[in-house]
Amino acid sequence: MKNFKCKKIVLAVCLSCSLSANAADFTNGGFEDGTTNGWSSGGATMTMPTTIPVGGLDPSNYLAGSGTNTIVGNGFDPILHAGGVDISMSYAGNYAVRVNDGVNNLSVSTINQTVNNYSGSTINFAWFAVLQDSGHPASDAPHFKIVITDLTTSSVVSSIYHSAANFGTFLSLANPQVKYSGWQSESISV
């Protein structure tokens, strides 16, 4: 049996993001009890100027403090909806968690859970990112990071990172400052 920590960090001047994690060993993995029960939130406000390291901030630096995480339902993401794009904020159930918010306040938010004696061979989850970037240099661009760590071996099993400065093949609204992914389903072998 292995011990895993599922962490997500989100940094942005303005950002919304939803995560839905499903695994039998996670407490409230899909957030279907309508709360963040079983998960720990953290966060802080960044002091500028700062340069974000390549690959994003280290989530473990922001586990304490208060993050701006909110349980969301099946409604549409308000930032995308205002731009004419309607994507449900929940993935396969009735709820998800939005990590961080759309407020321009240099906030960093995290949500994490440690699972002891994980019995599965994969960790399955879905994520959906909305990044608002009002012209930051690449070194300060809004970004998010999802990290799964095997605490038994102290090794990173998976790290997913995307920055508004280099959002790959993801989509943009007519307003080029808003980039979004749509739901992305992940299955990580452990």
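**Figure 1. Contacts across the sequence in the predicted protein chain.** In this predicted model, 73% of the contacts in the protein chain with a separation of 6 or more are between residues 24 or more positions apart, a contact being heavy atoms within 4.5 Å. The protein chain holds 1 helix and 12 strands, and along the sequence these follow the pattern β-β-β-β-α-β-β-β-β-β-β-β-β; helices (H or I, at least four residues) and strands (E, at least two) are DSSP runs, numbered from the N terminus. Of the 190 residues, 49% count as buried, where buried means under 20% relative accessible area, exposed over 50% and partly exposed in between, with a 1.4 Å probe and protein chains only. The accessible surface comes to about 8,200 Å², and 49% of this surface belongs to carbon and sulfur atoms; the areas come from the Shrake-Rupley method with a 1.4 Å probe, and for residues only the protein chains shown count as cover. Residues are numbered from 1 along each chain as its sequence is written, and side-chain values use heavy atoms, with hydrogens and water left out. Because the model is predicted, local features need pLDDT of at least 70 and side-chain atom pairs count only at pLDDT 80 or more, whereas totals for chains, interfaces and linings use all residues.

**Figure 2. The nonpolar cores.** A nonpolar core is a set of buried Ala, Val, Leu, Ile, Met, Phe, Trp, Tyr and Cys residues joined through side-chain atoms within 4.5 Å. The largest has 21 residues, and those with the most contacts inside it are Phe26, Ile111, Ile123, Phe125, Trp127, Phe144 and Ile146. Two or more residues each come from strand S6 (107-118), strand S7 (122-132) and strand S8 (143-150), and S7 gives the most, with 5 residues. Another core, of 13 residues, lies apart from the largest one and includes Ile79, Met89, Val130 and Trp183.

**Figure 3. Aromatic pairs.** Rings of Phe, Tyr and Trp (its six-membered ring) pair if their centres lie within 6.5 Å, with planes under 30 degrees apart counted as stacked, over 60 as edge-to-face and the rest as tilted; by this rule the count comes to 6 aromatic pairs. Trp127 and Phe144 form a tilted pair, 4.8 Å centre to centre with 55° between the planes, and this pair links distant parts of the chain, since Trp127 lies in strand S7 and Phe144 in strand S8, 17 residues apart. Trp127 is buried at 1% relative accessibility, and Phe144 is buried with a relative accessible area of 0%. Elsewhere, ring pairs link Phe26, Phe31, Trp39 and Tyr118 into a cluster.

Figure 4. S8 and S9 pair in the antiparallel sense over 8 bridges, two strands being paired if DSSP finds at least two bridges between them, and Tyr161 in S9 is the bridge partner of Lys145. The hairpin has 4 residues between the strands, and Ser154 takes a positive phi near 55° there. Ser158, in strand S9 (residues 155-163), is buried with a relative accessible area of 11%; leaving aside neighbours within four places in sequence, Ser158 is in contact with Ile146, Val147, Ile148 and Ile188.
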